[in-house]
Amino acid sequence: MLDIAYIRDNADKVKTAAKNKNREVDIDGILRLDEERRQLIQQTEKLRQERNQYGGGKEKPTPEIIEKGKKLKEELKLLEDKLRAVEDELNKLVSFVPSVPLDEVPVGSDESGNIEVKTWGEPTKFDFTPKDHITLGLELDLLDLDRGAKVSGYRGYFLKNQGAILHMALLFYVFQKLTQKGYTPMIAPSIVKAFTLFGTGQFPWGEGEVYKLNDEDAYLAGTAEVPVTGYYANEVLQEKDLPKKMVAFSPCFRREIGSYGKDTRGLYRVHEFWKIEQVIIGRSDLDEARMLHEELQVNSEEILQDLKLPYRQLLMCTGDMGEPQLKKYDIETWMPSRDAYGETMSNSIMGDFQTRRLNIRYKTKDGQTKYAFSFNNTALASPRILIAILENYQQKDGSIMVPEVLQTLTGFKEIRLK
RNA sequence: GGAGGAGUCGCAUAGUGGCCGAGUGCGCUUGUCUUGAAAACAAGUAAGGUGAAUAACCUUCGUGGGUUCGAAUCCCACCUCCUCCGCCA
C-alpha cells in the first residue's frame with residue numbers, strides 16, 4: 001500500500017512504476033477521489049465541531065438545541081455516508097497500486113529482462129544418461145504419485161521411505177542453520193485470516209490462488225511470509241529492537257489455478273508443500289534494507305552451497321516482480337531433467353508496502369513513529385528442492401548419494417533399492 | 001458444541017447517558033533538591049486525520065453497526081481472552 005500523500009506528490013513516478021510492472025492503475029481517478037475526500041472531510045468536521053459545542057453542561061438542553069441537533073444529525077449523516085463511499089472507493093483503488101521499484105531494478109516487460117547476477121558451481125555433468133526425479137523417485141520407492149493423486153487429487157503425492165526422511169532432514173538442517181545465525185525459529189500457522197493476506201499483498205491480486213476454508217475468515221497461506229509478517233500487525237516496535245529476524249517453518253498451500261498444464265508431472269509444482277522462510281522486520285532505511293537483502297541472499301546461497309547444488313542468482317526486472325516488491329532476487333537451482341535452472345528461492349525487499357497494510361510501525365530513538373520495512377526470502381522449499389538433490393546426486397548405478405551435511409540427520413549416506 | 005464472565009491511555013485500575021480523550025497508582029521523561037544515587041516535590045507522558053501551520057479543529061475506550069440532540073456508559077453482531085462441561089490429536 002502506498003501512502004496517498006506519496007501518490008499525490010509522485011503521481012508520474014507511480015504511473016511509470018505501475019506500467020513497468022505491467023499493471024493498470026487509475027492514478028488520475030485516485031487523485032480526483034482524494035481531492036473529493038478531503039473536501040468532504042473538511043465539511044464533515046465543520047458540522048461535527050458545531051455539534052460538539054452543544055451539550056456538555058449540567059443543565060438539560062433547551063428544545064431549540066435539541067431541534068438544532070436533530071437537523072445537524074441529518075446533515076451529518078448525508079455527508080458521512082458520502083465520505084465513506086468515497087473513502088471506500090479510494091481505498092480500493094489505492095490497494096491496487098503497486099510499489100515503486102528501486103533505481104537499480106532493471107526495467108523489463110517479462111522474464112527476458114531479468115539479469116543474471118552470478119552463477120555458482122557448474123551444471124552437473126554425467127557420464128551416463130541421467131534420469132529425472134520422477135523416474136528416480138519411483139524406482140527407488142521414494143515417491144508415489146499415482147496414489148497421491150488417488151487420495152489427494154491432481155498434483156497430490158506421497159513421499160516415502162528414504163525420500164520422506166531426506167525431506168525432513170533438509171528442513172531441519174536449514175531450520176537449525178538459520179537459528180544458529182540468530183534468527184528466531186518459529187512454527188507458523190498456515191490457517192490465516194484475510195487481513196494477513198491483504199496485508200502481505202497476496203490480496204487483492206491473488207485471491208484465486210488461495211484456498212478458503214468454508215465460510216469462515218480462514219484461508220490456507222501459500223507461504224509463512226503471510227503469518228510471520230502479520231505477526232507484528234498493529235504493533236509499535238522500538239527502534240532498538242530492530243531488525244527482527246525470523247525463520248519460520250510452515251506447510252504451504254497453493255491452488256495453482258493459473259498453472260493448469262504447467263509442470264504437471266512430479267514435484268515441481270504441487271498444491272501442498274513445506275517451507276522454511278526467512279522474514280525480517282527492519283527500520284525504514286533503504287541503505288540498511290539493501291544490506292539486509294544481501295544478508296538474506298547469502299543465507300540462502302550458503303544453504304545451496306552446503307548442499308553442493310549448482311545455482312544462479314537473478315535480479316528480477318520490473319515486469320517479473322510482484323506488486324509489493326521494491327527489489328527481488330530469485331535463486332534458481334540446476335535441475336538436470338529440465339536441462340535448466342529452476343526457481344527454488346525468492347528474496348524480496350518489500351519496503352513499507354506490507355507494513356502500511358498491516359500497520360506495523362516502530363518508534364525511532366528520537367520519538368518519531370515510522371512504518372517498518374519488511375523482507376522475506378525462501379530458505380528452503382520442499383519437495384521442490386528434492387528435484388535438484390535427487391537429480392544432481394544420482395549415480396550411474398541408479399542410486400542417489402545423500403549430501404554430506406545431511407548424512408548425520410538422515411542416518412544413511414546413499415539411497416538405493418534394498 | 002453447551003453454560004457463564006471479561007476486553008478503558010506502556011501496565012494495573014476508576015468510570016452505567018452530557019462536567020470524560022477519559023481520574024488514580026505504577027512505569028517512563030524532564031526539572032528542583034543532592035558530590036552522586038535513592039527518596040521527596042513539580043511538570044509532562046497515546047495514535048491517526050484535515051490543514052501552509054510549532055493555529056484551530058475532527059476521530060479513536062476490542063471491531064463494526066444501531067438507539068439518542070448527545071454513547072466508554074444502552075442495544076445488536078463479530079473478534080479475542082478466561083472459567084466450567086462435552087469431544088479430541
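Predicted model: local features only at pLDDT ≥ 70, side-chain atom pairs only at ≥ 80, totals over all residues.
Residues are numbered from 1 along each chain as its sequence is written, and chains are lettered from A and ligands numbered from 1 in the order in which they are written.

**View 1. Overview of chain A.** Chain A has 13 helices and 18 strands (DSSP runs numbered from the N terminus: helices are H or I, at least four residues; strands are E, at least two). Its C-alpha trace spans about 95 × 45 × 40 Å along the principal axes. Of the 418 residues, 38% are buried (20 or more other C-beta atoms within 10 Å of the residue's own; exposed means 12 or fewer, partly exposed in between; C-beta atoms are placed from the backbone). Among contacts between residues at least 6 apart in sequence, 73% join residues at least 24 apart (a contact has C-beta atoms, placed from the backbone, within 7 Å).

**View 2. Strand β13, residues 340-351.** The strand is mostly covered, with 9 of its 12 residues buried.

**View 3. The β12-β13 hairpin.** Strand β12 (residues 327-335) pairs with β13 in the antiparallel sense over 9 bridges (pairing requires at least two DSSP bridges between two strands). Met-335 stands opposite Ala-340 of β13. The hairpin has 4 residues between its strands, and Asp-339 in the turn has a positive phi of about 50°.

**View 4. Strands β13 and β16.** The two strands run antiparallel and are joined by 4 bridges, β16 covering residues 373-382. Ser-374 in β16 is the bridge partner of Gly-351.

Terms used: Contact = placed C-beta atoms within 7 Å.
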